[in-house]
Amino acid sequence: MKKRLISLMLAVILCVSLMPVSADAAGISGAKTTTALNLRSGAGTNKSIIMTMPKGAEVIVGLTQNGWCKIVYNNTAGYASAEYLTAVSKVSGNFGTGTVNGSDVRMRSGAGTNYSVMGAYQKGTKMSVVGASGNWYEVSYNGKTGYISADYMKLTVGGTQPSAPSATPSTPTTGGFKGSVIGTSVRMRSQPNTNCNVLGYYSNGVTMSVLGSVKDWYKVSYNGKTGYISAQYMRVTPDESCTAKSGTISGNSVRLRMGPSTDFAVLGSFNKNTSVKVTGKTGSWYEISVNGKYGYMSADYIKLGSSVSEPTEKLDNVGIVTGNGVRMRSGPGTSYSTIGYYNKGIQLKVTGKTGNWYAVSYNGLSGYMSADYVRLSTGNAVADQIVATAKQYLGTPYVYGGYSPRGFDCSGFIYYLYGQYGYKLMRGATSQYNNNGVSVAKSDLRPGDLVFFSDSVDPIGHVGMYIGNNQFIHASSGKGCVCITSLSASYYLNHYTGAKRIIN
């Protein structure tokens, strides 16, 4: 997990068996030297040697960059070549002084929240750090030896420079976080306020390095520029996105942060049993929305429930966004977190519908978008045009035998519509069913397909045109005009016979 120490971000992937330190490793762990190894004042063989560590020395490893690790050994911080370090599950030694940086911070009998509590300590309490395991410091205090989460302790070393490895998020190439712009013409500013210079304008989906946060602003880096973007217009991208799941908070005064680390600013605190929606995960942090706020919360304090229900109606359509800055959300409602903003004309994949919300996907992201801002399409321009033309005749009188705008019967309406686009169909409903197009399953209907129904006299007694959203348009003798009806309406549900596709 990318849980990080307040002043120490460790960078070796934890594993039970021994393995070399990875150049892009990230996560709390320890390591042993595989040979006698120089501890240097900087990342490079041209830096001065602080000391030489013996083979098998146990160290805490920090951020790895260009083959060099920041480490702590024997109460001293420095740099060592990653090539000669091997990750281990636990290390012991004299690593320095740990200072509690939270209230009622628990010391446990083992490295995990499932171990018993040995005591609770207040901010500023200092302890000896004598080991590390996972994301936990092994500490000694007043005759007790136990474990405290590294998120609630600051490590200070007493050796020569440099200072202890920093927890400041870095760029993606050095183990930091990525963020995506979620607006149009979003401004990067030189300082975290709207009264300073604008460094650039960025469009939806642009990916930047997230270096940290200040109140409601992210500090970012992009194409050589470093500045600030309002949290309203940026999402820290989780390592794992997921279909939104319900959850509840399992602790009191649990903090919601702007990113998956204790280095990010706090957006608020929430108490036990508060409902949340979980939309992603980075290490042991969940990306969530809670009470209208979006951010990250430690997975230790989230109890997962069921996934947000699947769309109540399955669809297979192209959707076209009809407005600007339209939000894709993690679930079917405005209480769900915003995944991105999309402008007029963008084509999305529509896979279902719940209420007035379409389930959509675009560029690898899946979510929901209000049906008020999405127009269903077949992906076929001619079919779209025929459907649009059909809607122009809503309210036109039903006339038996009619096939002109003065009046239509059911097959005359279809005959006329397709004729306007160069398709010569048979004149009657039975003839259209038997001779025109190719058969398609009801589950595969697309706008422009013909739908057929039986009546009390004929196996094929009525025809209409499917227009999407489980609806069809037809000249109805019962209504006396051209109208739109649901395929789920009792009569048509029970008398549905089949469908034909004219335009492939």
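1. Y296 is buried, at 0% relative accessibility; buried means under 20% relative accessible area, exposed over 50%, and partly exposed in between, with a 1.4 Å probe and protein chains only. Y296 belongs to strand β28 (residues 293-298). Helices (H or I, at least four residues) and strands (E, at least two) are DSSP runs, numbered from the N terminus. The C-alpha atoms of Y296 and M258 are separated by 6.1 Å, while the two residues are 38 residues apart along the chain.

2. A note on the basis of the values. This is a predicted model, in which local features need pLDDT of at least 70 and side-chain atom pairs count only at pLDDT 80 or more, whereas totals for chains, interfaces and linings use all residues. Residues are numbered from 1 along each chain as its sequence is written, and side-chain values use heavy atoms, with hydrogens and water left out.

3. L365 is placed in strand β35 (residues 365-370). With 28% relative accessibility, L365 counts as partly exposed. Its C-alpha atom is separated by 9.5 Å from that of C242, a residue 123 residues apart from L365 along the chain.

4. Aromatic pairs come to a count of 16. Rings of Phe, Tyr and Trp (its six-membered ring) pair if their centres lie within 6.5 Å; planes under 30 degrees apart count as stacked, over 60 as edge-to-face and the rest as tilted. For F472 and Y492 the ring centres are 5.1 Å apart and the planes stand at 70°, so this pair is edge-to-face. Because F472 lies in strand β42 (residues 471-476) and Y492 in helix α4 (residues 490-495), the pair ties together parts that are 20 residues apart in sequence. F472 is buried, with a relative accessible area of 0%, and Y492 also counts as buried, at 13% relative accessibility.

5. Y492 has a further partner in Y491: their ring centres are 5.1 Å apart with planes at 85°, so the pair is edge-to-face. Y491 counts as partly exposed, at 41% relative accessibility. Ring pairs link F453, F472, Y491, Y492 and Y496 into a cluster.

6. Two lysines lie over tyrosine rings. A charge sits over a ring if NZ of Lys or CZ of Arg is within 6 Å of the ring centre and within 35 degrees of the ring normal. The charged end of K442 is over the ring of Y496, a member of the cluster, at 4.5 Å from the ring centre. K500 is over the face of Y433, 5.5 Å from the ring centre.

7. The largest pocket holds about 910 Å³ of space. On a 1 Å grid over the protein atoms alone, a pocket is an open set of points where a 1.4 Å probe fits, with protein on both sides within 12 Å along at least five of seven lines; lining residues have an atom within 4 Å of a point. Grid points are joined across faces, edges and corners, and a volume is the space filled by probe spheres set on the points.

8. The lining of the largest pocket has 27 residues, and S103, D104, Y152, S253 and Y301 lie nearest its centre. Elements giving two or more residues to this lining are β10 (105-108) and β24 (254-257). By residue class, the lining divides into seven nonpolar, 11 polar and nine charged. Ala, Val, Leu, Ile, Met, Phe, Trp, Tyr, Cys and Pro count as nonpolar, Asp, Glu, Lys and Arg as charged, and the others, Gly among them, as polar.

9. The whole structure contains zero disulfides, a disulfide being a pair of cysteine sulfur atoms within 2.5 Å. C481 is in no disulfide, and its nearest cysteine sulfur, that of C483, is 5.2 Å away. C483 likewise is in no disulfide, with the sulfur of C481 as its nearest. C483 is buried, at a relative accessible area of 12%.

10. Helix α2 (residues 410-419) is mostly covered, with eight of its 10 residues buried. The buried residues are C410, S411, G412, F413, I414, Y416, L417 and Y418.

11. Two asparagines have positive phi. N75 has phi near 65°, a positive value in a residue other than glycine; N75 is in the loop between β6 (68-73) and β7 (76-81) and is partly exposed, at 22% relative accessibility. N273, also not a glycine, has a positive phi of about 75°. N273 is placed in the loop between β25 (266-270) and β26 (275-282) and is exposed, with a relative accessible area of 58%.
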